[in-house]
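Try each task before reading its solution.

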Amino acid sequence: MAFPDDVLTEDEHVVLHLHPHWKALIRPVAVLVLAVAAVVAGLVLLPSGGGGSIALAVIGGLALLAVLWLTLWPFLVWRSTHYLFTNERVLLQQGVLSRDRRDIPLTRINDHAMNQRFVERLLGCGTLTIESAGERGQSVLHDVPGVGRVQTKLYELVEAHHDKHSLGDGEMRDILADLHDGKPLRDPTA
């Protein structure tokens, strides 16, 4: 369930690799604890014998189903959800049996915003919304750990990528001068 390195380009490197915040596992852990408690209570409180054994088997079967469906599955979903920020793009991947991946090049990111409810502020997580050019528009990343730090890092990545791939005024003048055989260009407004 680790993120494969072979999806990265040659000059690309990972800046942040995150899973959703651990708060997504609170309910699955609570279900696990309750299921174990139900089985232990059945062992202690139910009489040993025909009816007690059947009731214990039913409790054990229901507990096993609850653990598989409400504990193991959410854990697998949490573990297989990746928020990957590189120096070239943002990759969002999720899926246990099937896989969905979205790549958002840094050049296409128009805006990004974060949102934290009160409990999320206490836990240090939140929602990050990335708006990109294209037909898919917004990508919403829920339960991002350290969402404020992640939003700041995303801003830095977008700006660094823009600076790396754009020309400054001096560079543009040099290119234009080279195009005109080293002769200075006339100012069209003069």
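**Exercise 1: two annotated segments**

Over residues 29-48 the chain is 85% helix and 0% strand, with the end C-alpha atoms 29 Å apart. Keep in mind that this is a predicted model.

Task: find what UniProt places at residues 29-48 and 54-78, then describe the chain over residues 54-78.

Solution. 
- Step 1. The unreviewed UniProt entry gives both ranges the feature "transmembrane region".
- Step 2. Residues 54-78 are 100% helix and 0% strand.
- Step 3. The end C-alpha atoms of 54-78 lie 35 Å apart.

**Exercise 2: the largest pocket**

Task: describe the lining of the largest pocket by element and by class.

Solution. 
- Step 1. Start with volume: the largest pocket has about 510 Å³.
- Step 2. Its lining counts 25 residues, and T81, Y83, Q94, V140 and H142 are the closest to the centre.
- Step 3. Two or more lining residues come from each of α1 (26-45), α2 (50-79), β2 (82-86), β3 (89-94), β4 (100-105) and β7 (138-145).
- Step 4. β7 gives the most, six residues.
- Step 5. Sort the lining by class: twelve nonpolar, seven polar and six charged residues.

**Exercise 3: G146**

Task: locate G146 and decide whether this residue is buried, partly exposed or exposed.

Solution. 
- Step 1. G146 sits in the loop between β7 and α4 (147-164).
- Step 2. The relative accessible area of G146 is 23%. Buried requires under 20% and exposed over 50%, so G146 is partly exposed.
- Step 3. Beyond neighbours within four places in sequence, G146 contacts G124 and C125.
- Step 4. E120 is 26 residues from G146 in sequence, and their C-alpha atoms are 9.8 Å apart.

Key: Residues numbered from 1 in each chain as written. Predicted model: local features only at pLDDT ≥ 70, side-chain atom pairs only at ≥ 80, totals over all residues. Heavy atoms only, no water. 1 Å grid on protein atoms, 1.4 Å probe; cavity = no way out; pocket = protein on both sides within 12 Å on 5 of 7 lines; lining within 4 Å. Points joined across faces, edges and corners; volume = space filled by probe spheres on them. Helix = DSSP H or I, 4+ residues; strand = E, 2+ residues; numbered from the N terminus. Nonpolar A, V, L, I, M, F, W, Y, C, P; charged D, E, K, R; others polar. UniProt positions renumbered as here; feature names shortened; annotations may be inferred. Buried < 20%, exposed > 50% of the residue type's maximum accessible area, 1.4 Å probe, protein only. Contact = heavy atoms within 4.5 Å.
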